[in-house]
Amino acid sequence: MNLTRISALARWCRRHVEVTTLALMSLSIGAVWILAELTEEVVEGSTSNLDRDILLFLRTPGDLSDPIGPWWVEEIGRDLTALGGVAVLVLTTVVVSLFFLLHRRWSTMVYILATVGGGIVLSSIAKEFFDRPRPDLVPHGSLVHTASFPSGHSMMAAVAYLTLGAMVARAQKRWALKVYTLSVAVLLTLLVGMSRIYMGVHWPTDVAAGWLAGGAWAVLCLLIARSLAKRGHIEQEASDA
């Protein structure tokens with residue numbers, strides 16, 4: 001899709017705000033529904049074979065302690081998984097919040113801190129509630145101390161990067177910059193989740209649940225932000241003329 005078509009799509013979305021909002025609501029509801037179905041399957045143990053097969057596929061035959069690929073791929077996996085850690089996400093959230101503070105967007109800054117912080121707390125509560133054991137099929141490539149479902153790194157990455165990406169995109173006037181910002185946020189979220197599976201510290205369904213929960217939270221936060229902007233509680237979305 002070239003920039004002309006992207007620009008035309010942006011203008012259409014601005015002219016049909018109700019349709020865009022409905023689409024976002026449907027996306028959020030769909031994610032929650034799929035998450036509920038996945039959670040039910042995990043609790044019943046129906047996903048055990050799939051989880052096992054994927055983890056074994058990512059290990060060297062005959063040596064379950066060795067992930068597939070050369071040594072530097074495993075090192076990359078450790079680097080990527082750190083992007084979903086609490087320290088990195090808190091630092092990223094603070095940096096983005098300061099960006100809005102410097103632009104004198106006080107209400108947006110407060111909203112970001114509240115939504116990202118709330119999502120991280122929700123992730124911790126969910127892990128304690130389900131208390132699913134970590135995979136014991138393969139050795140872990142990273143230190144872990146908490147429960148497995150949903151993946152905290154995956155969910156927190158989705159909550160933080162997608163929410164921050166959406167709020168930064170709202171502040172950009174050019175549609176191409178909005179698309180770029182959201183694309184980077186989605187890419188970081190996917191890479192964190194895939195690295196957790198590769199390192200053997202999560203079942204694939206843990207990561208899928210984290211993505212769905214975090215994605216639904218981010219979409220919900222975006223909808224609320226648009227509603228608050230209409231009422232003048234936070235700054236309006238920037239856009240080209």
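This section describes the helix packing and nonpolar cores of a predicted model.

The chain contains 9 helices and 2 strands. Along the sequence, these elements are arranged in the pattern α-α-α-β-β-α-α-α-α-α-α. The chain has 241 residues, of which 43% count as buried. When contacts between residues at least 6 apart in sequence are considered, 76% of them join residues at least 24 apart.

Helix α7, comprising residues 152–170, packs against helix α9, comprising residues 204–230, with axes that come within 7 Å and cross at roughly 30°. Angles under 35 degrees count as roughly parallel, and α7 and α9 are therefore roughly parallel to each other. The crossing of these two helices is right-handed. On the α7 side, the contact is made by Ser154, Met155, Ala158, Val159, Leu162, Thr163, Ala166, Met167 and Arg170. The residues supplied by α9 are Val207, Gly210, Trp211, Ala213, Gly214, Gly215, Trp217, Ala218, Cys221, Leu222, Ala225 and Ala229. By class, the residues of the contact of α7 with α9 comprise 15 nonpolar, 5 polar and 1 charged.

Helix α7 also packs against helix α8, which spans residues 175–198; the axes of α7 and α8 come within 8 Å and cross at roughly 175°. That angle makes α7 roughly antiparallel to α8. In this pairing, α7 contributes His153, Ser154, Ala157, Ala158, Tyr161, Leu162, Gly165, Ala166, Val168, Ala169 and Arg170. These residues meet Lys178, Thr181, Leu182, Ala185, Val186, Leu188, Thr189, Val192, Gly193 and Arg196 of α8. The contact of α7 with α8 divides into 12 nonpolar, 6 polar and 3 charged residues.

Two positions in α8 were examined individually. Thr181 lies in helix α8 and is buried, with a relative accessible area of 17%. With neighbours within four places in sequence left aside, Thr181 is in contact with Gly165, Val168, Ala169 and Gln172. Leu187 is also placed in helix α8, but Leu187 is partly exposed, its relative accessible area being 48%. The C-alpha atoms of Leu187 and Leu162 are 9.7 Å apart in space, while the two residues are 25 residues apart in sequence.

The nonpolar cores were considered next. In soluble globular proteins, nonpolar side chains tend to be buried together. In the present model, the largest nonpolar core has 22 residues. Val96, Phe100, Ile112, Val116 and Met167 are the residues with the most contacts inside this core. Two or more residues are given to the core by each of α5 (86–102), α6 (106–130), α7, α8 and α9. The largest share, 7 residues, comes from α7. Met167 touches Phe100, Thr108, Tyr111, Ile112 and Ala225, with residues up to four places away in sequence not counted. Apart from this core lies another, of 11 residues, including Ala31, Leu35, Leu38 and Ala216.

Helix α7 is roughly parallel to α9 and roughly antiparallel to α8.

Methods. Residues numbered from 1 in each chain as written. Predicted model: local features only at pLDDT ≥ 70, side-chain atom pairs only at ≥ 80, totals over all residues. Heavy atoms only, no water. Axes fitted to C-alpha atoms, helices over the stretch in contact; angles between N-to-C directions. Helix = DSSP H or I, 4+ residues; strand = E, 2+ residues; numbered from the N terminus. Parallel < 35°, antiparallel > 145°, perpendicular 65-115°, else oblique. Left-handed = near helix turned anticlockwise from the far one by under 90°. Contact = heavy atoms within 4.5 Å. Nonpolar A, V, L, I, M, F, W, Y, C, P; charged D, E, K, R; others polar. Core = buried A, V, L, I, M, F, W, Y, C linked by side-chain atoms within 4.5 Å. Buried < 20%, exposed > 50% of the residue type's maximum accessible area, 1.4 Å probe, protein only.
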